[in-house]
Amino acid sequence: MKAPAKSSASSSPAVSIREPSAAADPGHKPGERRSLDLFSRLAEHEHEQVSHYYDPSSGYRGIIAIHSTVLGPALGGTRFWNYSSEEDALIDALRLARGMTYKAAVAGLNLGGGKSVIIGDNRTTRREALFRAHGRHVESLKGRYVTAEDVGTSTSDMEFIKAETDHVTGLIGKSGDPSPVTAYGVYRGIKACARYRYGSDSLAGKSVALQGCGSVGYHLARLLAADGAAITCTDIDPQRVKRVVEESRAKPVGTDEIYDVPANVFAPCALGAVINDQTVDRLRVEIVAGAANNQLAEDRHGELLEQRQITYAPDYVINGGGLINVNAELHGWAPERARSKAGEIYDTLLRVFEIAREEGVPSYRAADRLAEQRIAAIAKVRRNFV
């Protein structure tokens, strides 16, 4: 899967940094240089490139991470979040970018993996200059990276980016909000988990502990309720919880209580790293299957789920519907084709579970192997025809 590192605008082999001097940056003292141990982090998972960009006029601070372009241009959304440190932002971008590579590979898409993060308060109303700066950052990579919306961003923000670059998807009037397709893919994935675990994919009478009632969680709850599942839900926003309670007959619980809810399925649909040392032993479920990215805080938590005989749907497999949706926009697919492609997540997950059973490995490792097999095969074809 290893690809040659490339530079977008600097003398380093894998990093481009565009920012003012330390003296002009209020976050640094003059002459101060802080190491994020960048190159070792890039080497750990063979990322091709990281680009940092700072625009003082708009207050934009952004990072774009490109993990792989073996299968095609790196596609991944823009996340706008108030990170506690630049290092946290970098780590998030790197992890998310790698996840996008694997997500595209197992979904059978001709795309690589990338991700961008903007550091700041996503509640700001001063968005145009900020996202146009981000658009120029994306444009500087000359098509190696294509962005879309993600946590903290919207289709309106993508329109601002579009003013500066054509390398953006999820635009108003096109594929738009990917949440319904993402939710449908997760729903089909949960049904596949039920088929594997119980011998039937019917969700009638099954119970789901839903963490996160945002756009994806809301649509997922509607699908689950229509299929006869009983839902317990939580979210940091009480209004989101209220909507799911009213429309999907769900039972609300506190944000921390969700880990202790007895259910067939725990569906994390908020931020990542929710399967960790503090939560893994609290789970009272038989299946973990949800839309959140990077659900395992560390790989070893996937091992712990396996030891507890909890069926885990690898996150980048089950939540691939959003990527499928924006890929549909890139290639002019009809909405029905995107939804049908997202439905194939059902069969992909069953294949992952089959590999896990045959090779005696946890499901997250089986998913990695499925993705890596495709990436390696295409990389070999490209080498042979150069």
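Before I go on, a word on the source. This is a predicted model, in which local features need pLDDT of at least 70 and side-chain atom pairs count only at pLDDT 80 or more, while totals for chains, interfaces and linings use all residues. Residues are numbered from 1 along each chain as its sequence is written, and side-chain values use heavy atoms, with hydrogens and water left out.

The chain has 13 helices and 13 strands. These are DSSP runs, numbered from the N terminus: helices are H or I with at least four residues, strands are E with at least two. Of the 386 residues in the chain, 55% are buried. Among contacts between residues at least 6 apart in sequence, 66% join residues at least 24 apart, where contact means heavy atoms within 4.5 Å.

Not counting residues up to four places away in sequence, glycine 272 touches Asn293 and Asn294.

Which order do its strands follow? The order is β10-β9-β8-β11-β12-β13, in an open sheet of six strands with parallel pairing. The edge strands are β10 (251-252) and β13 (311-312), each of which pairs on one side only. Two strands are taken to pair if DSSP finds at least two bridges between them. Strands of a sheet pair through backbone hydrogen bonds, either parallel or antiparallel.

Within this sheet, β8 (residues 207-211) runs parallel to β11 and is joined to it by four bridges. On the other pairing of β11, two bridges join residues 265-268 to β12 (residues 287-288), again in parallel. Phenylalanine 266 takes part in both directions: it is the bridge partner of alanine 209, and it stands opposite valine 288 in β12. Are the faces of β11 buried or exposed? Both are covered, with Val265 and Ala267 buried on one side and Phe266 and Pro268 buried on the other.

The analysis uses a 1 Å grid over the protein atoms alone: a cavity is a set of points where a 1.4 Å probe fits but cannot get out, whereas a pocket is an open set with protein on both sides within 12 Å along at least five of seven lines, and lining residues have an atom within 4 Å of a point. Grid points are joined across faces, edges and corners, and a volume is the space filled by probe spheres set on the points.

There is one cavity of 30 Å³ or more, and the largest cavity holds about 30 Å³.

The largest pocket has a volume of about 1,200 Å³. Of the 44 residues that line it, Asp150, Val151, Cys269, Ala270 and Leu271 lie nearest its centre. Two or more lining residues come from each of β5 (78-81), α2 (86-106), α5, α6 (215-226) and α10 (321-331).

Two further points remain. In helix α4 (residues 155-162), Thr155, Asp157, Met158 and Ile161 are buried. They lie on the same side of α4 because they cover an arc of only 150 degrees around the axis, the arc being that of the directions from the helix axis to the C-beta atoms. These buried residues pack against α3 (128-139).

Finally, arginine 249 lies in the loop between α7 (238-248) and β10. Arginine 249 has a positive phi of about 55 degrees although it is not a glycine, and at 64% relative accessibility it counts as exposed.

Definitions and conventions
Buried < 20%, exposed > 50% of the residue type's maximum accessible area, 1.4 Å probe, protein only.
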